[in-house]
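This note is written for a colleague who meets the model for the first time. Please read it with the sequence and the structure open.

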Amino acid sequence: MSKDRPILEVKHLSVEFKTREGILKAVNDVSFDVNPAEMIGIVGESGCGKSVTSKAIMKLIGNRKNEFLSGKVIFKGENILEKSEKEMQKIRGRDQALISQDPMTSLNPLFKVGQQIAEVPRIHQKVAKKNAWEKAIKMLETVKVPSAGQRANQYPHQFSGGMLQRCIIAMGLSCEPELLIADEPTTALDVTIQAQVLKLIMDLKKQFGTAIILITHDLGVVAQTCDTVAVLYAGSIVEMTSKKSLFKSPRHPYTRGLLESIPNPAKKGLLNPIGGQPPNLVKLPQGCPFHPRCGLALAKCRETKPDLKNRSENHRVACWLEESHE
Amino acid sequence: MVKYAIKRLLWAVPILFGISVISFFVIRLVPGDTVTAILGAHYNEEQAVFLRTKMGLDRSIVYQYLIWIKGVIQGDFGFSAFTHKPVLDSILERLPITLELAFISLVTAVLIGIPMGALAAVRRNSLIDNFASIWGMLGVSIPNFWLATLLILVVSLNLGLLPSGNFIPLGESLEGNIRHMILPGLALGGAVSAVVMRMTRSAMIEVLDQNYIEMARARGIRKNQILFRHALKNALIPIFTVLGIQAGYLLGGSVIIEQVFSLPGIGRLSLQAITNRDYVLLQGTILFVAGGFVMINLLVDILYAFIDPRIKL
């Protein structure tokens, strides 16, 4: 595969769930690319479709009768959404890996940590049992788990949260996948451990050249790590640009609201949070999903949903205010 | 672990003591006594008084209990006036049959209940799941004596596939032994399989919703591996708990099933003891069954620790 082709191209991805209340639109026409060794952040509030997007990329959803995926997820040139579960079993863990929010519940409590890491190369690379175990220990050393040989023999409940997250990262990287999806990898961890785990992810990205999708609600985490950031609101990307321009010149009112909601000790006065609640995904408002909470909303915003368009060099925004500037 | 087992065994002592007291006194609430049963139609007051004095039944009930429990502690369960044998001998002679019946019923229950429950959990609301829930309802609501009679009627009498009763010792003929045990095992294990199935289904549904199952999928682990290695092992703890409790049902249910299939086990022995007012024999069988129940549940608790490393005994 050529270097300049994105490793992952998400094109018009929509995810819908049939629920008792109606059709829940969790992800709404989302498109973005991830280049090899790029780190892209997906930011948004709880329930904005971050995790659903990441699971759709691994086709972990879409298998039940009430889950509907549409659009394309092109991974290494092939559409993931057209793959069977059997084909996906080969791709997951080998080419794609997932780190989830809660390390404490991510591992099976009844199996040794080493066993669970060794399982990955055993399945995907048909490595013999003994070699897989050695590989597991090596991976634990890579993620800087002290006395790895001994720790591999322990069970998940004997680990702290931070150590477990290291184990899960070790597991994710054991087959050197090209894409790692880190779904709120540090949310459940203490701040000090958070920094260590982020640094570890960054170091490993450099070492293995893995492309990473980092899903978070924490703009601070994004500021420390990502190359590119996509801001997700109610299942749609409202703004996507490089980290630098996002923090320097945010253009979507929602992004600005998010940035203003970060406590800043240098500024006096009260925080300025975004008023209102995220919309009900079953009954999305007509027009721009953000308009009921947007102080700058125009009449047009209530009628038609703005497209995500390039407004300047690599800065895509979905907002009617941008049009009125032009 | 050893310490825990010893502790639990010591706990069994007061439990069994309580059971011995209750069984001893409750039996004596039943009208008539050993002597009326021995004499039967030839009852006359003079002989009755003579026999009662001879057997010590004229002494106070507390005294009688103390004499009996003293013997039990020394390993002497008394001598039955009916079987003309020491109680312990009768019990040990019959015990293997009941144990075999309970074992076969348990295996039946596990072999039917666990796979069916697991499948029902994986394919929720499918045909299999509906069948399983019907099975679950029928299994717990059909009385075992009715099921036993039905099995005899259909399988033995109409189809002539299996014998309707009697027992052939293992040493005599393995095939004969098993052929005679299949129907009693099904009749007794059927209900347990329903309970095990329901527990397996609900435990599996809960486990399959856990984060580590989704994470296992995200690692590319095959579906069957996830189901039978990752999920089922986690579901085993509640299943074993249910099995331990059901062991009591199996031991108790053997009273009826052994009667229906004419199996000379402990259950039938205790039924005889009841009709004969054979106090010592009945007390002995009750203590043995209760002891067995306590031991099985101790075993289950020790098994927990083998399944789940978080459980420290």
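The points below take up the basis of the model, the two chains and the interface.

1. Basis. This is a predicted model, in which local features need pLDDT of at least 70 and side-chain atom pairs count only at pLDDT 80 or more, while totals for chains, interfaces and linings use all residues. Residues are numbered from 1 along each chain as its sequence is written, chains are lettered from A and ligands numbered from 1 in the order in which they are written, and side-chain values use heavy atoms, with hydrogens and water left out.

2. Confidence. The model scores ipTM 0.87 and pTM 0.82. Among the elements of chain B, the lowest mean pLDDT, 80, belongs to helix α2 (residues 34-39) of chain B, and the highest, 94, to helix α9 (residues 211-218) of chain B. Where pLDDT is low, predicted coordinates should not be read in detail.

3. Helices (H or I, at least four residues) and strands (E, at least two) are DSSP runs, numbered from the N terminus; two strands pair if DSSP finds at least two bridges between them. Nine bridges join strand β1 (residues 8-19) of chain A to β2(A) in the antiparallel sense; F17(A) has L24(A) in β2(A) as its bridge partner.

4. The eight-stranded sheet of chain A. A second open sheet, of eight strands with mixed pairing, has the order β6-β7-β8-β3-β9-β10-β12-β11 in chain A. Its edges are β6 (96-99) and β11 (309-312) of chain A; each has a single partner strand, so one side of each lacks a neighbour in the sheet. Strand β3 (residues 39-43) of chain A pairs with strand β8 (residues 211-216) of chain A in the parallel sense over five bridges. Within this pairing, the bridge partner of I40(A) in β8(A) is I213(A).

5. Chain B. Which secondary structure does chain B contain? Chain B has twelve helices and zero strands. Its C-alpha trace spans about 85 × 55 × 35 Å along the principal axes.

6. Extent of the interface. In chain B, 20 residues are in contact (heavy atoms within 4.5 Å) with 31 residues of chain A. The two chains bury about 2400 Å² between them, 54% of it on carbon and sulfur atoms; buried area is the accessible area (1.4 Å probe) that two parts lose on being put together, summed over both. On the side of chain B, M215(B), R217(B) and R219(B) lose the most area to chain A, together 28% of what that side buries.

7. Chain B and chain A share four salt bridges, each a side-chain nitrogen of Lys or Arg within 4 Å of a carboxyl oxygen of Asp or Glu. K55(A) forms a salt bridge with E214(B), with the closest N and O atoms 3.1 Å apart. On the side of chain B that touches chain A, α9 and α10 (223-260) of chain B each supply at least two residues.

How values were computed:
pLDDT is the predictor's confidence in each residue, from 0 to 100.
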